[in-house]
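Q: Could we go through how aromatic rings and the overall form of a chain are read from a model?

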Amino acid sequence: MSQRDEGLVSSDQTLVTTIGLEVHVELKTNTKMFCGCPVGFGGEPNSRVCPVCLGHPGTLPTMNEKAVEYTTKIAMALGCDIAPRSLFHRKNYFYPDMPKNYQISQYDLPVGERGSLEVEVDGEFFTVGITRAHLEEDTGKSIHVGGGGRIHDADYSLEDFNRAGTPLVEIVSEPDITSPAIARAYATELRAILEYLGVSDVRMEEGSMRVDANISVAPPGERGRKVEIKNMNSLRSVYRALEYEERRQREVLRAGGTITQSTRHWDEKAAKTQELRTKEEAFDYRYFPEPDLVPLEPAVEWLRQLREDQPELPIERAKRYERELGLTPYDAGVLRSTKALGDLFEQALAAAKKADAKQVSNWVTNDLMGLLAAVPEGTKNPPLTGSNLAELVDMVVEGALSKSQGQQVLQKMIETGRSPRQIAEESGIKQVSDEEALEAAIDAALAANPDVAERLRSGDNKPFGFLMGEVMKATKGQGNPKVVSGLIRKKLS
Amino acid sequence: MGIGRQQVEHVAKLARLALTEEELDLFEEQLSRILEHANTVTNLDTEGVEPTSHSMPLMNVLRPDEVIPSIGSEAALANAPAAEDGHFRVPRILDDES
Amino acid sequence: MTELWERTAADLASLIASKEVSAAEVAESCIARTNEVEGEVLSYLTLTPEAARAKAAEVDAAVASGEPLGPLAGVPMALKDIICTAGIRSTAASKILDTYVPPYSATVAQRLYDAGGVLLGKANLDEFAMGSSTENSAYQVTHNPWDLSKVPGGSSGGSAAAVAAGQAPFSIGTDTGGSIRQPAALCGVVGLKPTYGLVPRYGLIAFASSLDQAGPLTRDVRDAALVLQVIAGLDPKDSTSLPSPVPDYLAALEKGIEALKVGVVKEISGEGVDPAVQTRFREAVQILEKLGAQVGEVSLPTFGYGIDIYYLIAPAEASSNLARFDGVRYGLRVDGADVEQMNRATRAAGFGAEVKRRIMLGTYSLSSGYYDAYYLKAQKARTLIARDFARAYEEFDLLVSPSAPTTAFGIGEITDPLTMYLSDICTVPSSLAGAAAISVPAGLSSDDGLPVGIQFMARPLDETTMLSAAYAFEQELGPLPKPPLWSQS
């Protein structure tokens with residue numbers, strides 16, 4: 001994946017790419033949008049259901065308070081105007097994973113409209129408009145049996161309604177995105193914000209965040225035909241799929257052809273988009289206001305409180321780290337990648353007595369990140385405290401531990417959750433910087449290897465490493481290398 | 001202000017109703033007459049009038065986000081016309097959802 | 001010597017509570033009466049005598065051990081089969097729900113059970129509450145106890161007939177455009193449609209969500225107040241259910257009507273109403289004047305458009321509410337090569353003609369290109385109806401009209417849907433405005449000897465005024481003859 005992307009530095013100046021992203025986010029509430037069934041992933045089929053989310057006759061929806069709160073928070077974080085009056089509408093269409101054959105969604109009065117999101121690609125900043133953020137309910141899941149498990153050659157299908165009714169927020173961007181790289185940055189940034197707000201697990205591989213795109217390529221000033229791309233199951237797929245499609249459309253146009261408005265499915269394995277069976281006509285959803293639910297009119301005081309409680313958003317955090325702590329964009333980018341990681345960094349920095357921002361940051365970005373990769377949800381839930389991290393970095397800065405000893409201790413910290421001092425004491429890991437003790441070791445090594453001393457005194461530096469090694473062996477690897485080498489030089493000068 | 005035969009067929013498709021030729025003929029005639037009658041509503045001046053989406057002035061009716069035990073898969077499938085492996089079984093789906 | 005089945009709900013509750021009779025005796029009396037006339041009347045789709053006996057036994061045990069009793073303890077009842085009852089088949093009189101057994105009970109059913117009510121069975125209706133005669137039931141046509149060749153009205157025809165025939169002291173029906181009041185009028189019983197939102201809709205198989213309301217059909221106004229007291233009130237499972245506290249309807253019953261300002265609604269009391277019905281209505285109005293009410297006439301021009309507005313809104317909501325009947329999760333399934341074919345075949349086989357017609361009408365009025373001209377326009381016009389009501393209530397405390405434009409017509413007599421829709425002209429406006437309304441027997445037509453009803457309409461949430469006026473009228477009018485079927489033993 002190259003940093004410089006064709007979309008930004010286009011070799012073909014005569015075709016313009018226009019992308020809009022539609023992101024669906026499953027909210028991390030306890031219960032479904034319109035009933036008290038628990039929300040979750042997996043489980044026995046049709047075990048998290050009730051008459052309401054099964055669409056039984058006579059049942060009625062009741063609005064989940066938390067879902068409304070989370071949606072409002074999302075809309076605010078995206079800079080949207082919050083509607084003083086918002087309504088639910090019925091979106092009517094038949095599909096076997098739809099318990100009522102209408103979806104309760106929002107139409108012309110969504111929770112939030114007219115927001116924006118700033119994203120950064122290789123140091124350049126782009127603002128993408130957000131058309132709207134609205135709340136709706138998710139469908140059930142279909143399993144297609146027979147054929148290849150794909151819908152088109154299946155013999156029959158099986159429906160599981162566990163997911164039906166899960167609260168879903170739909171975030172629609174303006175068609176402001178001009179390259180696949182910006183699209184990926186947008187999706188990444190959006191995911192980070194949602195994670196910061198604590199409103200969703202945003203695991204694309206589990207479907208708690210889904211990205212669909214509309215992309216058109218056309219000569220500047222002309223409106224291209226939109227192609228919808230579905231089935232991009234990771235941020236990487238978003239980039240790859242759009243990059244493929246952009247290339248495909250360009251080739252078609254350059255060859256003098258035209259693009260058909262259609263829906264295409266991204267095939268990760270084959271690394272291409274494939275046209276789905278196209279429908280003869282656009283769907284008529286027959287939207288009308290949901291008579292079983294009443295309007296939402298958020299209280300001004302409640303909105304004010306939500307605004308106040310909004311955490312610092314990722315991009316603001318990164319900018320602050322660069323501005324106030326002098327960190328590089330790369331470092332800031334890693335530290336802000338999850339809320340927990342940034343919080344950990346800040347807690348450690350506050351607790352550190354000797355270490356500075358750069359030093360704490362390096363320990364996080366260079367050493368901790370690698371170790372967290374092996375821990376499930378490691379960056380969202382790092383298994384160590386800020387004060388312990390601070391203690392570790394301080395110990396290395398002071399010389400109580402060498403860099404490599406520090407790495408060892410850090411690993412143990414993650415495994416056991418104990419403090420570095422405890423771990424160092426129990427394992428007997430410490431760095432010896434005491435000159436007397438080290439001199440003794442050096443003297444002993446020199447005594448055992450008289451020829452080495454001769455050669456070193458005569459200016460031959462080759463055996464220096466060997467001597468260091470002997471001293472380190474004698475000190476069980478705990479000798480402070482800097483002090484040892486300094487002492488050796490002093491002795492031999 | 002009648003409804004044409006093509007319209008009737010289109011509406012039947014939207015409503016997932018398989019109608020016979022006789023039914024289509026009958027509905028075309030009946031719906032046309034009903035709509036013609038109902039069309040007198042256009043005589044009412046509704047300039048600047050808000051539609052009644054809800055007759056009572058209620059708002060912000062919310063439910064706390066607390067789990068209520070589900071009915072369990074056995075009860076869920078009790079009325080199922082066809083079930084397999086704890087799922088509701090349906091014939092093949094041709095169209096991908098919109 | 002009156003039989004137990006002839007007594008009112010209030011009387012029976014009182015007799016049982018005072019241990020003068022047992023709940024078991026009452027239940028047996030109603031079961032026997034039901035069996036005696038059911039072959040002629042056909043009020044019920046499902047009879048539940050065993051459940052009734054079991055519940056009656058429970059009540060008797062509670063009475064014996066001195067436990068506190070609910071206000072309807074031991075009183076038998078019929079519930080319109082559009083009301084979900086856990087473990088008991090609930091069909092909405094449709095083939096598409098022929099085998100459907102709900103896993104839950106409607107709030108109204110549960111409240112009645114908790115009050116001690118004894119379920120005798122599920123009453124017949126027009127399929128999915130769509131109709132004014134009960135002829136649209138997929139199973140059977142109910143016969144009017146006053147004249148078995150006539151319809152009982154609809155859609156709550158079974159509920160009305162059961163009470164009129166003496167099979168149950170009270171029943172619950174639902175009213176969307178008049179479906180409690182019109183059959184009540186045609187069967188000579190009391191039928192009450194509460195303010196929209198007063199009685200919870202959770203568990204009522206939905207027809208038109210912004211209009212549906214469940215309400216009592218009873219032999220007198222006191223019983224209507226008694227039953228309403230039990231079923232009214234906030235339900236957290238229904239977001240449109242009103243949070244206002246429920247007043248004591250029985251306490252206010254004998255307030256009287258003196259000095260009350262009563263308006264006769266011109267648009268639904270004259271032209272379009274059968275002359276014999278008008279006659280009884282005018283006499284009823286005179287009784288109100290005699291009782292001290294100040295009667296005037298009021299013109300509410302939008303009321304004349306009520307049917308048109310209603311038939312653009314109700315079918316639209318219905319078309320969406322009935323989309324869930326697709327053969328996937330419950331109910332009838334007719335197989336197909338693919339799921340769409342299965343849906344289409346299932347719905348074609350499962351729905352009757354009137355239901356299909358309204359689904360078509362509703363789908364059309366919501367569809368792209370027509371939404372503004374039909375559905376949206378109708379919802380705006382609906383606001384005008386509410387405004388007309390509000391205007392009228394500045395001048396009057398109550399509005400009155402006949403409950404239905406005709407007396408009971410013959411089974412099979414009206415075949416044109418549009419003509420059938422006009423049965424609702426008197427009742428539809430108050431439905432559209434969400435107002436409270438009650439139909440009270442006003443006598444028999446001099447033409448055919450069949451019952452005529454007078455409709456009282458109150459401001460939203462002013463059932464108290466409506467009930468006290470209805471009660472005063474009923475008491476003054478005095479007892480009316482019973483249907484010929486009544487004396488059959």
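A: Let us begin with one residue of this predicted model: Tyr330(C) is buried, with a relative accessible area of 3%.

Q: How is a pair of aromatic rings described, and which arrangement do Phe325(C) and Tyr330(C) form?

A: A pair of aromatic rings is described by the distance of the centres and the angle of the planes. Over all chains the count comes to 26 aromatic pairs, and one of them joins Phe325(C) to Tyr330(C) in an edge-to-face arrangement, with 6.1 Å centre to centre and 75 degrees between the planes.

Q: Which residues form one aromatic cluster in chain A?

A: The cluster consists of Tyr93(A), Tyr107(A), Phe283(A), Tyr285(A) and Tyr287(A).

Q: Where does the charged end of Arg89(C) sit?

A: The charged end of Arg89(C) sits over the ring of Tyr139(C), 5.4 Å from the ring centre; in chain A, Lys100(A) lies over the face of Tyr102(A), at 5.4 Å from the centre of that ring.

Q: What radius of gyration does chain B have, and what would a compact globule of 98 residues have?

A: Chain B has 22 Å, whereas a compact globule of 98 residues would have a radius of gyration near 13 Å. Along the principal axes, the C-alpha atoms of chain B fill a box of roughly 55 × 45 × 25 Å, and buried residues make up 41% of the chain. Its secondary structure comes to 3 helices and 3 strands, which run α-α-β-α-β-β from the N terminus on.

Notes
Residues numbered from 1 in each chain as written. Chains lettered and ligands numbered in written order. Predicted model: local features only at pLDDT ≥ 70, side-chain atom pairs only at ≥ 80, totals over all residues. Heavy atoms only, no water. Helix = DSSP H or I, 4+ residues; strand = E, 2+ residues; numbered from the N terminus. Rg over C-alpha atoms; globule rule 2.2 N^0.38 Å. Buried < 20%, exposed > 50% of the residue type's maximum accessible area, 1.4 Å probe, protein only. Phe/Tyr/Trp six-rings, centres within 6.5 Å; stacked < 30°, edge-to-face > 60°. Lys NZ or Arg CZ within 6 Å of the ring centre and 35° of its normal.
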